[in-house]
Amino acid sequence: MLRAKTLSHLLFRSRHIAATTRKIPVRTLATTIESSLIKNELKHSESPYLRDHQHNPVHWQEWNKKSLDISEQLGKPIFLSIGYHTCHWCHVMNHDSYMDPKVAEVINKHFIPIKVDREQRPDVDAIYTMYMQATTGQSGWPLNVFLAPGTLSPFYGGMYWPSHPTAQSSTTFSQVLEGVVNIWAKEPQRCIESAETIKNRLTELHDAQSGASYDELRLSILDDVKEHFNKHFDAKYGGFAETPKFPCPHNLSFLMKYSDLLQSKTDTDMSLRDKSLFTLKKIGQSALKDHLGRGFSRYSVTMDWSLPHFEKLLLDQALLLTAYVQAYQVATNPKDKELFLEDIKGLIEYITIDMADPTNGSFYSAEDSDSAPSRAIMQSEPESSGEYNKIEGGYYLWQSDDFARPLTRIENDIAAHYWNVQELGNIDSEFDVYNNLSLQNTLHVTAEPREIGMTFGKNENKVKEILASAKAKLQEYRTQTRERPAVDKKVITGWNGAAIGALAQASHLLAPTDPALSEQALTAAKKCAHFIYTNLFEAANEPAAAAGKLFRMYSYSKPSTEAGSTPAVNEDYAYLISGLLDLYQTTFDPRYLDWAKTLQEHQISQFWDSKNGGFYTVPNNNKRDELFLCPKNSFDSAEPSSNGVSADNLFRLAGFLSSNVFRQCALDVLHCFGKELTAQPFGYCSMLGAVVAKVKGIQSVLIVGNDAENTQTEKLVSHLTRNQDKLPTNLTITRITAPAVDNYFEHYGNTLYGALEDKYGKGLVRFFTVDENFKLTNEGYETAEEAIKAIEAAQ
């Protein structure tokens, strides 16, 4: 890689260099090819984000063999720009730079410009994100990288570059382009050699992380996990990280589920379960939550969660819903349970109403962070001079006078106190780096209704009544005076799978207390599963090679009305299988379990690393479009890794189906990442549940026989899901019926389930427990109480 200081030096001296450098002549043939063939191709894209750039004067290409071949044939470097639909700085750079004809002229003349939607091609994004992290220690979007033609090796990169100098960056995008053009013209071989060096180092790093690295895994690694999270816990605001501060709900779910294994009897400190509950409570009160609407923003730039990055992603909502369901199950404080239940209901409604396509039940991927500010404020301010007129969080930010407009005086006084709305704004100027947040407020709870009542001389219930009235008025006023952020309506298979699982879990939790909302959640999960099965899945009646194949995404606004054509990545299989297993556990409909099994077998056949174990991000027989390495996703980020989710899926399927094959695959995933797991287990929380399953084994319950109105079965399942702290951490429940045996289990070669159904299927319900070797441990308990007692005793 070229050293940053070398390129920076060239950026500032580019005019002098241009005057003295002999440029490499461009062949006449190359010029002819360029002028006749290269134009902006993004109007044909499946990605809404890419189609947003179809009117740029930049001659954008998609990442495919055709565009990569053009770069190699012309000997031109690739300018690769990676972004996504809800990215604020992607929008700004698009408006300020890519719509500028002068900038476009430079890009088109000297580079082959390629635009990538990271949500469509996470494999491409993963490689060049690794490059940025390895060379600069940071990464983000937009991610802009210059690649050598033919090899696709990166030789320079960065993130957002402004169109004009700012207080944060004196280097503009035009200067970066000019510097790269000049150094490529002056020393192309040096650029190529540097790119090859960094490519080789990235490959070595990748091989070290994803090669077979067996290490004996013991529960003692949880000591490191405990130490890490206790050390990094924010006792004031919750959370376990510095800024930017992500909720990381999968970590919270792990800490709650396995808290007993992370706590010794001599510990006097607050348990990690309680720290997770505290964190979720703080997040529910924070500015991440849309207090006037529904849903949560992705992360905060402040430690106290008071200033979000305002985009809302479906995957985040699904992971948070799962965490809040678990929090409600383990919490003992009634007020905390009430708050968690409120957030569970809000997330269900956001996913099933705001993010759902009403015609077919699929879920959209995200809601933008950007929107125009309040029209009331815009009328009082001078018009902008052609600049990007949307601001990040414009829909959610409030000036104090605008906040007061729809409210009575007492409503404004109490609501402003509750949500910390201040006359001069509540955003610290330290975080207003672009000077567009002056006088603005985010809404976050800083006082309890009881405390407010004491200040204003009103009882707690009256304060809640006033807050409810203020919320309704503010919500209506916001709708009338502001433009809601745009929704990215592409459907991502894996994210929909995560939503299916979260809704299924929430449905079961709510069934006894809120049957209407429970049914809403379950119906939405089923409709979404049906949509994916119908539109994004190739079933077994297709050619054998394609049976079980998924597609990555479905876009409603694409030029064609056909289903998606982008192949699914490993994440899609992992998240969807997980969601289907949750849906099976809620409904005991064997079709969902059978579909999960089919997908798992296809995932193994297409993504499995037969040499080292674990799953590649893309199919193992196809390093798509000449990628110089095939990444494996194992380390958790803001979301759980696909290999971590897959290891958990494999153990669960092994329990549901009494399958040694799936159990062995799960073990092989752990063996692949064994040394990394041992070295820094706190970065692999999504995989640590599988480690516990490996060490402690899987315990399964088989339900056979007639259960009038499902009374005993529901009693068992409800108790097991609501008392996780008293139960084995790796427990599966399979319902065995004659149709399930005839249509599914018998075809799997599972003789145990058929034998049980033959012997007990026509009698009263019985509950059988199965050990880690898939052997029956009893002759069948006749009541749920007996089975529960035996299961708890085995813990």
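Mentor: Let's begin with a term: a cavity is a set of grid points where a 1.4 Å probe fits but cannot get out. Keep in mind, too, that this is a predicted model.

Trainee: Thanks! How many cavities of 30 Å³ or more does the structure hold?

Mentor: The largest cavity has a volume of about 1,300 Å³. The second largest cavity has about 120 Å³. With the threshold set at 30 Å³ or more, the number of cavities in the structure is three.

Trainee: Which residues lie nearest the centre of the largest cavity?

Mentor: The lining of this cavity divides into 24 nonpolar, 19 polar and four charged residues. In total, 47 residues line the largest cavity, and those nearest its centre are Lys-257, Gln-505, Asp-582, Asp-648 and Arg-652.

Trainee: Which element gives the largest share of the lining of the largest cavity?

Mentor: Several elements supply at least two residues each, among them α12 (249–257), α14 (314–330), α21 (493–510) and β17 (731–736). The largest share is seven residues, and it comes from α14.

Trainee: How many residues of α14 are buried?

Mentor: First, the helix geometry: at 1.5 Å a residue, the 17 residues of α14 should span 24 Å, and its end C-alpha atoms are 25 Å apart, which agrees. A residue counts as buried under 20% relative accessible area. The helix is largely enclosed by the rest of the structure, because the buried count in α14 is 17 of the 17 residues.

Trainee: α29 supplies lining residues too. Which residues of α29 are buried?

Mentor: At 1.5 Å a residue, the twelve residues of α29 should span 16 Å, and the end C-alpha atoms are 16 Å apart, in agreement. What covers the buried residues of α29 includes α21, β16 (699–704), β17, β18 (766–770) and α32 (784–793). Those buried residues are Gln-712, Thr-713, Leu-716, Val-717, Ser-718 and Leu-720.

Trainee: Now the second largest cavity. Which residues are the closest to its centre?

Mentor: The second largest cavity has a volume of about 120 Å³. Of the 15 residues that line the second largest cavity, the closest to its centre are Ala-287, Lys-289, Asp-290, Tyr-396 and Leu-443.

Trainee: And the second largest pocket: how many charged residues are in its lining?

Mentor: About 1,100 Å³ of space lies in the second largest pocket. Of the 36 residues that line this pocket, the closest to its centre are Lys-289, Leu-339, Glu-342, Tyr-418 and Pro-449. By class, the lining has eleven nonpolar and eight polar residues, and the charged ones number 17.

Trainee: Which helix gives the largest share of the lining of the second largest pocket?

Mentor: Helices that each supply at least two residues include α13 (272–285), α15 (334–354), α18 (409–419) and α20 (460–481). The largest share, ten residues, comes from α15.

Trainee: On to the cysteines. Which two form a disulfide?

Mentor: A search of the whole structure finds one disulfide. The cut-off for the sulfur atoms is within 2.5 Å. A separation of 2.4 Å is found for the pair Cys-87 and Cys-90.

Trainee: Is the link of Cys-87 and Cys-90 right-handed or left-handed?

Mentor: Both ends are buried: Cys-87 has a relative accessible area of 2%, and Cys-90 has 3%. With 80° about the S-S bond, the link is right-handed.

Trainee: Last one: is Phe-588 buried or exposed?

Mentor: Phi of Phe-588 is near 55°, a positive value in a residue other than glycine. Its place is in the loop between α23 (570–587) and α24 (590–607). With a relative accessible area of 14%, Phe-588 is buried.

Technical notes: Residues numbered from 1 in each chain as written. Predicted model: local features only at pLDDT ≥ 70, side-chain atom pairs only at ≥ 80, totals over all residues. Heavy atoms only, no water. Buried < 20%, exposed > 50% of the residue type's maximum accessible area, 1.4 Å probe, protein only. 1 Å grid on protein atoms, 1.4 Å probe; cavity = no way out; pocket = protein on both sides within 12 Å on 5 of 7 lines; lining within 4 Å. Points joined across faces, edges and corners; volume = space filled by probe spheres on them. Helix = DSSP H or I, 4+ residues; strand = E, 2+ residues; numbered from the N terminus. Nonpolar A, V, L, I, M, F, W, Y, C, P; charged D, E, K, R; others polar. Expected span 1.5 Å × (residues − 1). Contact = heavy atoms within 4.5 Å.
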